[in-house]
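Work through the exercises below with the sequence and the model at hand. Each task is followed by a solution in steps.

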Amino acid sequence: MDKAEGASGPKPKRPAGPLRLVFRDPLAACAVVFLIFIALCALVGPVVIGDLATTPNFRARNLAPFDASMGPAYFLGADTLGRSLAARLVVGAQNTLGIAAAAVMCSLFLGGTLGLVAGYARGIGSTLILRLADVIMSFPSLLLALIVLYSLGPSIPNLILVLAITRIPIYLRTMRAEVLEVRERMFVGAATALGASHARIVFRHIAPVVIPTMLTIGAIDFATVVLAESSLSFLGLGIQSPEFTWGSMVATGRGYLSTAWWVAFWPGLMILLTTLSLNILSSWWRTYADPHQRWRLELPRRLRRRIQK
Amino acid sequence: MFTYVFRRSTQSMAAVVALLVLVFFLARLTGDPAYLYLPLDSTEAQRQAFNELNGFDDPIYIQFFRYLGDLAQLDFGTALSRNRPAMEVTLEAFPETLKLATIAMALALFAAAVVGSLAAARPGGVFDRLATTISLAGASAPDFWVAIVAILVFAVSLGLLPTSGTGSALHWIMPIGVLMLRPFGLLTQVVRGSMMGVLSQPYIKTARAKGVARRRIIFVHALRNALLPVITVAGDLMASLVNGAVVVETIFGWPGIGKLMIDAIVRRDFALIQSTVLVTAVAIFVMNIVIDLIYAAVDPRIRHQQT
Amino acid sequence: MTFSLMRGSAIAALVAGAGSFGGAALAQDVTIVLPEQPANLEPCRSIRSDIGRVINMNITETLTIIQPDTGEVTPHLATEWEQVDDTTWRFKIREGVEFQDGAPLNAEAVVNSINRLMNPDLTCDSRSKFGDVELTPEAVDEYTVEIKSDIPMPIMPTLAGTIQVVSPNMPFDEEVNDPVGTGPYTLAEADNEHIVLQRDDGYWGDEPAVETATYLWRNESAIRAAMVETGEADLTPTIAVQDATNPETDFAYLNSESTRMRIDMSIPPLDDERVRRALNMAIDWDGMGEALFGPDVLRATQMVVPGVRGHNSDIEPYTYDPEQAKALIEEAKADGVPVDTEITLIGRNGFFPNSSESLEAMQALWSEIGLNIAIEELEANDWVRYLDKPFPEGRGPTLFQQQHDNNTGDAGFTVPVMYHSEGQYSTVANEELDQIIEEAMAATGDERGELFQQAFAKVYEDIVGDVTMYHMIGYVRVGDRLDWKPDLKTNSEIRLADIKFN
Amino acid sequence: MTEKNSLLTVENLTVDFHSAAGAFRAVNDVSFHVEQGETLVILGESGSGKSVSASAVMGLIDTPPGEIVSGRVTYRGTDVTRMSEERRMAFNGSKVAVIFQDPLSHLNPVYTIGWQLDEVYEVHGKAKGAEARRRSIEVLRRVGIPDPETRVDWYPHQFSGGQRQRIMIGMAIALGPELLIADEPTTALDVSVQAQILDLLKELQREEGLAIVMITHDLEVAANMADRVIVMNAGEIVEQGRARDVFAAPQHDYTRRLMSALPDESSYADHGIAKTAEPILQVRDLSKTFTLSPGLLRAPKSLRAVDSVSFDLRAGETLGIVGESGSGKSTIAKMLLRLTNATSGEALFHGNDIFEMDRAALLKFRRRVQMVFQDPFSSMNPRMSVFSIISEPWQIHPDILEKSRWRARVGELLEMVGLKPEHADRFPHQFSGGQRQRIAIARALACDPELIVCDEAVSALDVSIQMQIIELLAELRDRLGLAYIFITHDLPIVRNFADRILVMQAGQVVEMQQTEAIFRRPEQPYTRMLIEASPKPKWEQPKRIPA
């Protein structure tokens, strides 16, 4: 019976999973390896070399990179207080990634839920939610940052709150657009015809279909949040000392770009590489998720070249 | 057409009012402005006098109604830090940002359309790889970092460009360059993705069957279709430029509204905060409407839509 | 008249850019790049440095001048003065001086300027120098003014150095952005991009060398430095220490700011003298100072810079001795002092260059002697809550970072407010000290200076009321076209008349 | 086999499609030739490789990535597979032109049809500007677009499906090519329109001496057009020859199977439903008015999609609702299942008005009435396994079956629809279209319904599979005593299945009769047209009596 019905597509042998495919693409593979490395740094780094990152060592003040005189911990140089930049990068990874991840998750959850409601419910509630998104979008994030900083005090959760709120509209609108499309698909009608409740349709049928899109946006947005956090630091409204992130390292180190470039360069490079990796991966994922384009990743390169002439 | 614009405008007006209310109350949660206006060693009596003079000692709802009353008469208050009407200061600064943002956006859009299209024409090719990496790298670097490095390289070391400020055409190059990096990077990706989708559409096959050359297919047949999602993203990015050119303005000493707003925020110049928010919000809402109209201009299906 | 012509040329210079962009600037023009845009140009707010750097002594002038190196008060618009009684001072006004709008400088004009400063309908920053004192100026004759105060004001001549004398034609009840004074320069134009001052030919004094001065502003120190380096600007009054890399163009100056960590003496464990002493001894002041504030920074033992009346140069700073500090803490701990309590360092974000780094360094060093230190960096308006009395309820032990600027030449602007038990910022409550301060405030001359010296010594050596940090150093970058050196007052004014061309 | 003077010769063409799973041979060693002025039909079901071999001629194989592994395609002696890009562009459109299925998606949506037609002249350097426009209007008139002077400035979406296909044809013949490749040109069209398009093609062929390569899965269309036929299956030619011979005496098994999938014209459904049985559903004056939301630049309008429709349905009866696109037939289904609200009228299910039901009653109702949708690809949530899909009704109506029995029952249902119990753990995309429709039926059966509404349930499937599904439905009807409302645009398909047929046009009921009566004695011209619009074989055409 299996193939009896004529419609003979390519006999699917088990298609290579995304994880295997990603390693066929050298750029994407680099991105994955780098991100894993960074994540490891963030997880175990602070435990291992936390002290090096915070203890001033005036003898190593603004030590240039690749200078062996102070030992291997200083191979990326040191900052104004003589703290090892390598150690600070590792420790900073935790805050940087943690803040961005938490902010993305919060805004994804809040924006996603609101968007789901706005897309499914339509009517006045939907309009209100959309206008709310407009309001958030045009509310200056700097003012928000200041308000939170002043009234709630400087802390990492508050910074996450600021970053999360400003990103809500992106998810809200995308989610709504997706839901508007998905709710018209036939399987939603089919579920309604079976007597499924609204909750069931929303959570069991619509949400699983739209969540992958949201996660893709989340990955790109992660980069945006890291950069936004760094801009806030530049304006003095970001993370407050003694906590630090790569963004705040660049912000404080920018004054040294002409004299001790490494202080701002390494964290800047880390931000660049991290966001670049995420962007590359999300771009890769878009290709992967598009059935028309996926073959570009699946075929061996030699063959791909031959076909494209 | 008119009814549409009218309907959208009324909705947006409501959103602007909501925004202003929000800004009004939230901004006043940020402490006593007297501390920031007056020197730190001013006395309690002096601060009180300051607050009385400016009405900051009234209950907040009275301040709010007074503000509404003034608004009704198109009085946007005085920017205390500037000794000038807030709206006047704002409207001086806004065009500077708008010019910068518009040019940066236009260039970014144009460059992204060309680079993204060419990249999509041969996905995975050398040009695609290069374009993707470079554009994404541009979008991934902290802008202030890029700006300062650019100044150190192009102005200080090479002496090719002025460091900052306004004036000659050369003064525009670096601010625009830094400002367009991110939109260019993101838009290139959007154009590329959208273009790849469009190029696999059936009507592209038709064009090839008609004997249309590849280049013409890409830039004439496909691009206009591919632009639709690009316009949406470009609109959002434009909004963030109008609202967020603050970093570039700060570094290059560009007298725009972003810098004005951050100064107002830091100094708790409430009238100025409110007028800058008002102007940028209105600009963003107008732009959203314009984008819808552009959409309709690009895609006849939207023009004739009936669902 | 030539105004529009001048404006034209100024714009032309600007459009063309300076230095390598569009040929050299006119020989007698200078471009000064400031760290921030002057919020406004109201003379009665000119103790704010953003405003003062543009207008003080350029557009508007004062009756007296405080000499930056000695603190001595010298005549300017006033030629002489005397104290009539405890609460009355009499100033003789210079004759033959005209305001830029043609109005004559006379006693009435000075009275008007003082009254305008005190006008409750204006929120003049400069009034803060007088506290809540009521001034009643009175024109005795054409060129004589008597200033009465409701309490004795022994340093009236010094204070007169902060009163900008403005034209009687300026609105009395309204703040302005187009100041008119007696100075050598008039305001030619001001917008969001630049301010241009133009030499006034009718100036009463010597004609200065600079003809037009254009003020620009850039927030980033690196960019200000770059602008002078590329010739786009001739002078910037402040660059960060790390940008001061060229000894030919970059000069250090004591900028009259002093920094300290104020100790909240009422809350354990900070109520214990040994702990406070340990705090002072645990910091590698030389290492930290050089690392963060430059090799020229001065270790402070008191909150006024040398040269100010009342500065006590005999006070010996604590020496860096972490072992001894640790021992003191141990000792206190043995006596039941809760040294494990978390002590919070309160900072202010973007306070001064490297302020957070200094907190981080001190946190690390104090932690090493066995204290439990946290850092909290607050937004400016939040930080202020800790600055003034009443201090926030329920706070734990805090060390509060503070920067204090006394460029008036008299410790009377520092000591009472910081150390008298009634002082606005004071955490010290010591009767003996209160007495010394009260006596000093009523005294004049050398006696006043000696009493303040006593007070400083008592605070530093006996009471250990704070952790004084440094007398801060500013750096200027001056293009090679100019001959100009910064001084103690560069933070608050840049006298164009002092600028010469090479 | 190859004739020396053929217009087009395809020799040993082999095309591979590449995917991660390896190379898939879409076309295997295929050879055929086309003579001037003749019509060659390539017949085959989906995936048979019929379109690919034609695309190879135009150099249009691209996605998914295909590669011509071997073989030659020569046009008047020139190998077109090895043409340079430039020569290819000059060749396409002027010598050989192509029209596709689904003209809407093959026309560029953002340009006017005039622009798209002008372009043909312009890129080939035949005419420019006003002259190109004049010729475009001419060609539109030629293919039967009314008022071409005005419509030349319209956009594709403003035309009907048939007109769009005419425009495509116009674009194809604009430069007077010698060969027209027509790839399923009538598949998405209503039968009445289909006949018109086929007639147009024949007319053009007669007048211009065009050779046509027609690719289709539709036997009737093939018979209607073909001089010669090639039957393809799984990338290979299984049979070829003169059309009449192939149809009259198919040699290959596969061809025979295809032929047998055609509905039998002599028999009618009759499974003995008592005409007196109680009606389970009574529909009275059912109407639906859509208010068209105003477009960006338009004022709102309203459209009467269903207009006072009444009918009864008895227990165990099958009612076919037949109509062309836009006739309102699907809207009836949606209203009956409360997927959209009725504007007026009532529908009594066992005496209770469906439109008045409260939540609880509606939930009960939905157990007893189920629906099978047109598109088996989109009517199932792609992220749910077959087990979750089929067991979903039991989650919604927990009293039907206790959880412990779910798996067993899913297995039973799968077997009942001809699948295997172990398929329960797979996901929809792992099944073919016909198999998915079987899963959809299993889901519908899960709550033991009395009535199943099938909305174009077989339209998206290949012919041979259509018949299999209808047979399955008929068998289930007999076993379980189900009643069906079977909605379709294809009248012949219900011939052997429906007891009664209701014909709809523009929202209104045209005719309702017993199936046999409809076919034998259609009362309305519209019904007659629907019956007769099915294309007749070419060799019978001269004998055809005009209606």
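UniProt annotations may be inferred rather than shown by experiment. The model itself is predicted.

**Exercise 1.** Find where UniProt places the domain in chain A, and describe the fold of that span.

Solution. Step one: the record, an unreviewed entry, puts "domain: ABC transmembrane type-1" at residues 93-282 of chain A. Step two: residues 93-282 of chain A are 84% helix and 0% strand. Step three: the end C-alpha atoms of this span lie 21 Å apart.

**Exercise 2.** How many helices and strands does chain A have?

Solution. Counting gives twelve helices and zero strands.

**Exercise 3.** Which residues of chain A does UniProt list under "transmembrane region", and what is the make-up of residues 97-121 and 260-285?

Solution. Step one: the unreviewed entry lists residues 21-49, 97-121, 215-239 and 260-285 of chain A. Step two: residues 97-121 of chain A are 100% helix and 0% strand, with end C-alpha atoms 35 Å apart. Step three: residues 260-285 of chain A are 92% helix and 0% strand, and their end C-alpha atoms are 38 Å apart.

**Exercise 4.** Describe the extent, burial and surface of chain A.

Solution. Step one: the C-alpha trace of chain A spans about 80 × 55 × 35 Å along its principal axes. Step two: 58% of the 309 residues of chain A count as buried, with the cut-off at under 20% relative accessible area. Step three: chain A exposes about 12,500 Å², and carbon and sulfur atoms supply 68% of that area.

Terms used:
Residues are numbered from 1 along each chain as its sequence is written. Chains are lettered from A and ligands numbered from 1 in the order in which they are written. This is a predicted model: local features need pLDDT of at least 70, side-chain atom pairs count only at pLDDT 80 or more; totals for chains, interfaces and linings use all residues. Side-chain values use heavy atoms; hydrogens and water are left out. Helices (H or I, at least four residues) and strands (E, at least two) are DSSP runs, numbered from the N terminus. Buried means under 20% relative accessible area, exposed over 50%, partly exposed in between (1.4 Å probe, protein chains only). Accessible areas come from the Shrake-Rupley method with a 1.4 Å probe; for residues, only the protein chains shown count as cover.
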